[in-house]
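Visitor: I would like a close look at one part of this model, with the cut-offs spelled out as you go.

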Amino acid sequence: MGSKTFKTLDEQIEILSHKGLVIDDVDYAKSILLRENYFFLSGYRHLFLKDDGSRKFIYGTTFKELYSLFNFDRQLRNILFKNILIVENNLKSVLSHVVSKNYGFKEHNYLNSEIFVKDHNKVRQINDLIRKMKRQINVNGKQHAATNHYMINYGYIPLWVVVKVLSFGIVSELYSILQKEDQEEISRVFNTTVHNLGNYLPILANYRNLCAHEDLCFSNKTHKKISPNHYHDILNIPKNDEDEYIYGLNDLMAIIIIMKELLQESDFIMMMNEISYEIDILDGKVDTIEIEKVLDAMGLPTNYKEIVRMN
């Protein structure tokens with residue numbers, strides 16, 4: 001495989017034009033390519049390519065359509081990110097409350113391996129996680145006013161403060177090694193099961209990272225899947241040859257199902273209204289392909305909005 005070489009903006013325009021992309025305003029396209037990066041923008045080309053293996057654009061596809069999908073994904077990331085942060089903050093608050101109430105709130109309490117699940121298969125994970133927590137406290141603790149205040153004035157940082165400097169990934173893993181009774185107490189607050197919450201958190205952490213780093217999000221598929229539930233049935237999501245739902249297990253629909261359970265109802269309704277609005281905006285800007293093709297890539301059935309009214 002040959003190595004990639006630097007391409008000037010003119011060369012990038014020539015490549016896109018050669019592949020059949022209609023570029024009406026070259027100067028505008030150059031300014032977008034310079035600011036947004038050819039590599040990232042071209043990551044959105046797949047929905048606009050012919051299905052004959054030629055890797056060329058469907059006849060009539062414009063640069064503005066490609067950029068509209070790029071911008072749609074940016075808005076989608078912003079919507080998901082702010083709502084995942086709500087769940088993250090809620091989880092940190094509930095988890096720190098439960099652990100502090102049950103075992104104590106100082107470092108020697110919550111960094112004690114004895115408070116976690118009694119499973120010899122998880123001993124290494126528990127010790128590794130404690131080390132990760134100590135490292136994040138040491139590295140990030142002095143950068144936050146609250147944690148620094150407690151370190152200087154009291155000589156310890158209570159768990160409800162220290163969770164502010166722990167990543168979502170760390171807190172998610174922390175939940176996974178808690179004792180069953182503690183997990184149950186936490187999951188009840190979110191009106192879900194221990195299994196479901198344990199399944200949801202790594203998926204949310206994956207999407208959180210995608211959103212934070214401006215990675216392609218709308219068509220993302222996670223390795224981990226959520227369990228089928230009544231939402232899949234009520235939405236009449238079809239199944240594939242393996243008797244598995246084609247939407248809602250490891251895609252955006254799965255995220256929507258997760259947020260349906262974990263967010264407060266008002267926050268969820270607001271999130272869904274914002275997503276629907278952005279889809280409608282995109283529908284008005286893209287003519288070469290049908291919006292249903294975008295929904296399919298997202299993992300959304302055409303009746304996805306009905307989940308708002310479901311219980």
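This is a predicted model: local features need pLDDT of at least 70, side-chain atom pairs count only at pLDDT 80 or more; totals for chains, interfaces and linings use all residues.

Is Cys-217 buried or exposed, and at what relative accessibility?

Guide: Residues are numbered from 1 along each chain as its sequence is written, and side-chain values use heavy atoms, with hydrogens and water left out.

Cys-217 counts as buried, because its relative accessibility is 0%; here buried means under 20% relative accessible area, exposed means over 50%, and partly exposed lies in between, with a 1.4 Å probe and protein chains only. Cys-211 is likewise buried, at 8% relative accessibility. The closest cysteine sulfur to that of Cys-217 belongs to Cys-211, at 4.4 Å, which is too far for a bond. A disulfide is taken as a pair of cysteine sulfur atoms within 2.5 Å, and a search of the whole structure finds zero of them. Cys-211, accordingly, is in no disulfide.

Turning to the charged side chains, a search of the whole structure finds 13 salt bridges, each being a side-chain nitrogen of Lys or Arg within 4 Å of a carboxyl oxygen of Asp or Glu. One of them joins Arg-77 to Asp-73, with 3.1 Å from N to O. Both residues lie in helix H4 (residues 63–103), four residues apart, or about one turn of the helix; helices are DSSP runs of H or I with at least four residues, and strands are runs of E with at least two, numbered from the N terminus. Arg-77 and Asp-73 are both buried.

Another salt bridge links Glu-173 with Lys-132, whose closest N and O atoms are 3.5 Å apart. Since Glu-173 belongs to helix H9 (residues 168–176) and Lys-132 to helix H6 (residues 123–140), this pair ties together parts that are 41 residues apart in sequence. Lys-132 counts as partly exposed, at 30% relative accessibility.

Glu-244 and Lys-225 also meet in a salt bridge, at 3.0 Å from N to O. Glu-244 sits in the loop between helix H12 (230–234) and helix H13 (252–262), and Lys-225 in the loop between helix H11 (194–212) and H12, so the pair ties together parts that are 19 residues apart in sequence. Glu-244 is partly exposed at 30% relative accessibility, and Lys-225 is partly exposed with a relative accessible area of 35%. Elsewhere, salt bridges with shared partners join Glu-36, Asp-73, Arg-74, Arg-77 and Glu-214 into one network.
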